[in-house]
Amino acid sequence: EALMPKVDVFDLSNAKVGEVDLADAVFAAEVNEALLYEAVRHHLAGARAGTHATKVRGSVAGSGKKLWKQKGTGRARIGSVRSPIWRHGGTVHGPQPRDYSYNLPRKMELGALRSALSAKLRDGELKVIEGFTLADHKTKQFKATLGTLECSRKVLVVDNGENRNLALGARNIPGVKLVPSREVNVYDVLGYDRVLVSQSAAAKLSESLGPKKKKEAL
């Protein structure tokens, strides 16, 4: 059976209020940097607009008239002023709109996420919070809370369920992103300096990314 590492749990005043058992395979996994690279590359490829386009000879501006007759002038034969070998002509084999996204095997995505969470916890950049129970929805209130939790730079906040005060308080602070546990991705976990995870979200990640229990035979 996998060991369950104990992780400290803090309240919003940054005081330790307990410990929680999390899946060893998720929060204490061996960090696979090759997997992290593949996951980040996959994310960035999917984010590309792919709207670049160059004009080929059929789409560039210019007359369709044949400039001079085919034979008898002594000049090279020519059919179009839009030929790629002429100035102001079309582009040959230039970039055209395309979709850069591709499928990454599900096992690789999940393995990379385990590596990312483990790396953050190992480096002391992931903190488990008992719960984001805020007094009001004011941005000032949540900004003060982040200061108390020693998070002054880019912060990824992971929580489960509806929390209106948290959603409204966090949405207007530069460098702060709020996501539910089901939408956590490797790119965000690595890209933010600190990760704050509610205890319920940490348990959910531990359960969903941890080793699956085999069904007992009847």
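The buried residues of H4 pack against strand S4 (155–159), helix H5 (164–170), strand S5 (176–180) and strand S6 (194–198), where contact means heavy atoms within 4.5 Å. The model is predicted, so local features need pLDDT of at least 70 and side-chain atom pairs count only at pLDDT 80 or more, whereas totals for chains, interfaces and linings use all residues. Residues are numbered from 1 along each chain as its sequence is written, and side-chain values use heavy atoms, with hydrogens and water left out.

**Helix H4**

- Helices (H or I, at least four residues) and strands (E, at least two) are DSSP runs, numbered from the N terminus.
- Phe 142, Thr 145 and Leu 146 are the buried residues of helix H4 (residues 139–148), buried meaning under 20% relative accessible area, exposed over 50% and partly exposed in between (1.4 Å probe, protein chains only).
- These buried residues fall within an arc of 100 degrees when seen down the axis of H4, so they line one face of the helix; the arc is that of the directions from the helix axis to the C-beta atoms.
- The exposed residues Lys 140, Lys 143 and Gly 147 are carried by the face of H4 turned away from its buried side.

**Aromatic rings**

- Rings of Phe, Tyr and Trp (its six-membered ring) pair if their centres lie within 6.5 Å, with planes under 30 degrees apart counted as stacked, over 60 as edge-to-face and the rest as tilted, and the count comes to 1 aromatic pair.
- The rings of Trp 68 and Trp 86 have centres 6.3 Å apart and planes at 40 degrees, so the pair is tilted.
- Trp 68 counts as buried at 19% relative accessibility, while Trp 86, at 28%, counts as partly exposed.
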